[in-house]
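Open the model in your viewer and keep the sequence panel beside it. The tour below goes from one selection to the next.

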Amino acid sequence: MGDVAEGRLVQQWHELLALHATVFGELECRLQDAHGIGVSEFEALERLATCDFKCRSADLLEAVHLSQSATSRLVARLEKEGLVERAMCEQDRRGVFVSLTDAGRRRYEEAKPTHRAVLRATLGEARLTKAG
């Protein structure tokens, strides 16, 4: 790989990191201020809201991009706030299912427009900047 191509590759990586930081930071601020939840909490609620009924705890790992132990702590916080419920899997006693409570579904529905507005504003700006 030539120096110019490698330089472009590294530049793209830095731009991606900067975009992630911008979007994540704005989401974190707006979701916390308006709804009392962070990005990880919102992503967990969204995954649960789009599951048929309940999800395995392991399914949330993909949505929140945290370690297993951090995801477990996240679910515990959401459960303490009354936003989710945990239940043992009847077929596999090692498995734990997580589902939204009515309060969790309401919080998700209230936060979703804020989440989408931030995405439109930050990612829309990024597209305009890139095109310009």
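Contact here means heavy atoms within 4.5 Å. Axes are lines fitted to C-alpha atoms, for helices over the stretch in contact, and angles run from 0 to 180 degrees between N-to-C directions. Helices (H or I, at least four residues) and strands (E, at least two) are DSSP runs, numbered from the N terminus.

This is a predicted model, in which local features need pLDDT of at least 70 and side-chain atom pairs count only at pLDDT 80 or more, while totals for chains, interfaces and linings use all residues. Residues are numbered from 1 along each chain as its sequence is written, and side-chain values use heavy atoms, with hydrogens and water left out.

**Whole chain**

Start with the protein chain, which has 5 helices and 3 strands. Read from the N terminus, its elements follow the order α-α-β-α-α-β-β-α. Of its 132 residues, 32% are buried; buried means under 20% relative accessible area, exposed over 50%, and partly exposed in between (1.4 Å probe, protein chains only). Among contacts with a separation of 6 or more, 51% are between residues 24 or more positions apart.

**The sheet**

Select residues 55-56 (strand E1), 84-88 (strand E2) and 96-100 (strand E3). The 3 strands make an open sheet with antiparallel pairing, in the order E1-E3-E2. E1 and E2 are the edge strands, each pairing on one side only. Two strands pair if DSSP finds at least two bridges between them. E1 and E3 are joined by 2 bridges, and E2 and E3 by 5 bridges.

Now pick Phe97 in E3. Which residues stand opposite Phe97? Arg56 is a bridge partner of Phe97, and Ala87 also stands opposite Phe97. A further pair to display is Glu85 with Ser99 of E3. E3 is mostly covered, with 4 of its 5 residues buried.

**Helix H2**

Select residues 39-50, helix H2. H2 lies across E1, E2 and E3 and runs at about 90 degrees to E3. The expected span of a helix is 1.5 Å times one less than its number of residues. For the 12 residues of H2 this gives 16 Å, which agrees with the 16 Å between its end C-alpha atoms.

Is H2 enclosed or open? Since 9 of its 12 residues are buried, H2 is largely enclosed by the rest of the structure. Among the buried residues are Val39, Phe42, Leu45 and Leu48, and also Glu41 and Glu46.

**H2 against H4**

Two packed helices are described by the angle between their axes and the distance between the axes. H2 contributes Ser40, Glu41, Ala44 and Leu45 to the contact, and H4 contributes Leu74, Arg77 and Leu78.

At 42% relative accessibility, Arg77 counts as partly exposed. Its C-alpha atom is 9.0 Å from that of Glu41, a residue 36 positions away along the chain.

**His115**

Finish in helix H5, residues 102-131, by selecting His115. His115 has 4% relative accessibility and so counts as buried. Leaving out residues up to four places away in sequence, His115 touches Leu27, Leu31, Phe42 and Glu43. Of these, Phe42 is one of the buried residues of H2.
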